[in-house]
Amino acid sequence: GEKVPLDLVLDNIKRIVSAVTLPVSIDFEGAYGVEPEIVAAHFSSALQAGVVGFNVEDQIIGKDGIHNTGLQSDRLKAARQACVDAKIPAFINARTDLFLKAKMKGEPHTQSMLDDAVERAATYAEAGASGFFAPGLLDLDMIATLCARVSLPVNIIALPGAPENTQLAQAGVARISYGPVPYRKMLGWFEAQAKQAFESLDE
């Protein structure tokens with residue numbers, strides 16, 4: 001929700017970049033701004049910090065809605081121009097929250113929603129996106145249709161209930177994310193171990 005201050009985010013990125021040899025990407029959420037010029041400035045700062053990959057969302061951070069396609073296209077164009085200006089061919093993974101928001105509300109994923117996603121993907125590609133991320137989409141047939149109709153590499157997140165990785169790959173998915181799932185599982189395991197340790201002290 002962009003609740004971590006941007007300066008702290010960038011400072012963390014610098015420390016990570018200095019500690020690893022792998023390319024570093026950032027889940028930039030809404031790029032900490034709505035207006036294209038703010039998006040460009042924040043992308044520039046992240047690029048200077050060493051980032052070479054971005055997830056950037058089309059949801060309105062802190063609110064219920066999603067940016068209209070025109071505004072999100074302008075935001076992505078500004079982001080890509082920041083990469084061009086920095087002479088860094090960064091990977092911009094354009095995320096649509098159509099499916100995730102519907103899933104969180106308990107609403108079904110419809111054909112019209114899929115058509116909207118396909119239209120957004122085409123617009124985002126034209127604006128300079130490198131990939132298309134559709135978190136929350138779990139239906140294998142819809143995923144396969146999305147992959148077939150979208151020119152960009154499609155990214156799906158392996159939430160509970162998602163198809164197996166081999167099925168996703170066969171459907172045309174190019175990138176599989178895990179999001180917070182491993183982290184939450186690790187915390188659950190750690191909590192169980194801590195409880196067991198404390199309970200053993202009482203015996």
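## The aromatic cluster

Ring pairs link F28, Y32, F43 and F54 into a cluster. Rings of Phe, Tyr and Trp (its six-membered ring) pair if their centres lie within 6.5 Å; planes under 30 degrees apart count as stacked, over 60 as edge-to-face and the rest as tilted. The structure holds 5 aromatic pairs. One of them joins F28 and F54 and is tilted, with 5.7 Å from centre to centre and 55° between the planes. This pair links distant parts of the chain, since F28 lies in the loop between strand 1 (25-27) and helix 2 (36-48), F54 lies in strand 2 (residues 53-57), and the two are 26 residues apart. Helices (H or I, at least four residues) and strands (E, at least two) are DSSP runs, numbered from the N terminus.

F28 has a relative accessible area of 0% and is therefore buried; F54, at 2% relative accessibility, also counts as buried. Here buried means under 20% relative accessible area, exposed over 50%, and partly exposed in between (1.4 Å probe, protein chains only). F54 forms a stacked aromatic pair with F43, at 4.0 Å centre to centre and 25° between the planes. This pair, too, links distant parts of the chain: F43 is in helix 2, F54 is in strand 2, and they are 11 residues apart. Both F43 and F54 are buried.

## Basis of the model

This is a predicted model, in which local features need pLDDT of at least 70 and side-chain atom pairs count only at pLDDT 80 or more, while totals for chains, interfaces and linings use all residues. Residues are numbered from 1 along each chain as its sequence is written, and side-chain values use heavy atoms, with hydrogens and water left out.

## Overall architecture

The secondary structure of the protein chain comprises 8 helices and 6 strands. From the N terminus on, its elements follow the order α-β-α-β-α-β-α-α-β-α-β-α-β-α. The C-alpha atoms fill a box of roughly 65 × 40 × 35 Å, taken along the principal axes. Of the 203 residues in the protein chain, 44% are buried. Among contacts (heavy atoms within 4.5 Å) between residues at least 6 apart in sequence, 62% join residues at least 24 apart.

Strand 4 (residues 131-133) and strand 5 run parallel and are joined by 2 bridges; two strands pair if DSSP finds at least two bridges between them. F132 has V154 in strand 5 as its bridge partner. The chain passes from strand 4 through helix 6 (residues 140-149) to strand 5 in a right-handed β-α-β crossover. A crossover is right-handed if, with the strands pointing away from the viewer, the path from the first strand over the helix to the second runs clockwise.

Strand 5 also pairs with strand 6 (residues 175-177), in the parallel sense and over 3 bridges. The bridge partner of N155 in strand 6 is R175. Strand 5, helix 7 (residues 165-171) and strand 6 make a right-handed β-α-β unit. Within strand 5 (residues 154-157), V154 and I156 point one way, N155 and I157 point the other way, and all are buried.

The buried residues of helix 6 are M142, I143, L146 and C147. Seen down the axis of helix 6, these residues fall within an arc of 135°, so they line one face of the helix. The arc is that of the directions from the helix axis to the C-beta atoms. The buried residues pack against helix 5 (111-127), strand 4, strand 5 and helix 7. On the other side of helix 6, D141 and A148 are exposed. At the start of helix 6, a side-chain oxygen of D139 comes to within 3.1 Å of the backbone nitrogen of D141.

## T96, a buried loop residue

T96 is located in the loop between strand 3 (91-95) and helix 4 (98-105). Its relative accessibility is 0%, so T96 counts as buried. The side chains of T96 and D58 are joined by a polar contact of 2.9 Å. A polar contact is a pair of N or O atoms within 3.5 Å; within protein, one must be able to donate a hydrogen and the other to accept it, and residues adjacent in sequence count only if both atoms are side-chain atoms. The side chain of T96 also reaches the backbone nitrogen of L98, at 3.5 Å. Not counting residues up to four places away in sequence, T96 touches D58, R120, F132, F133, A134 and P135.
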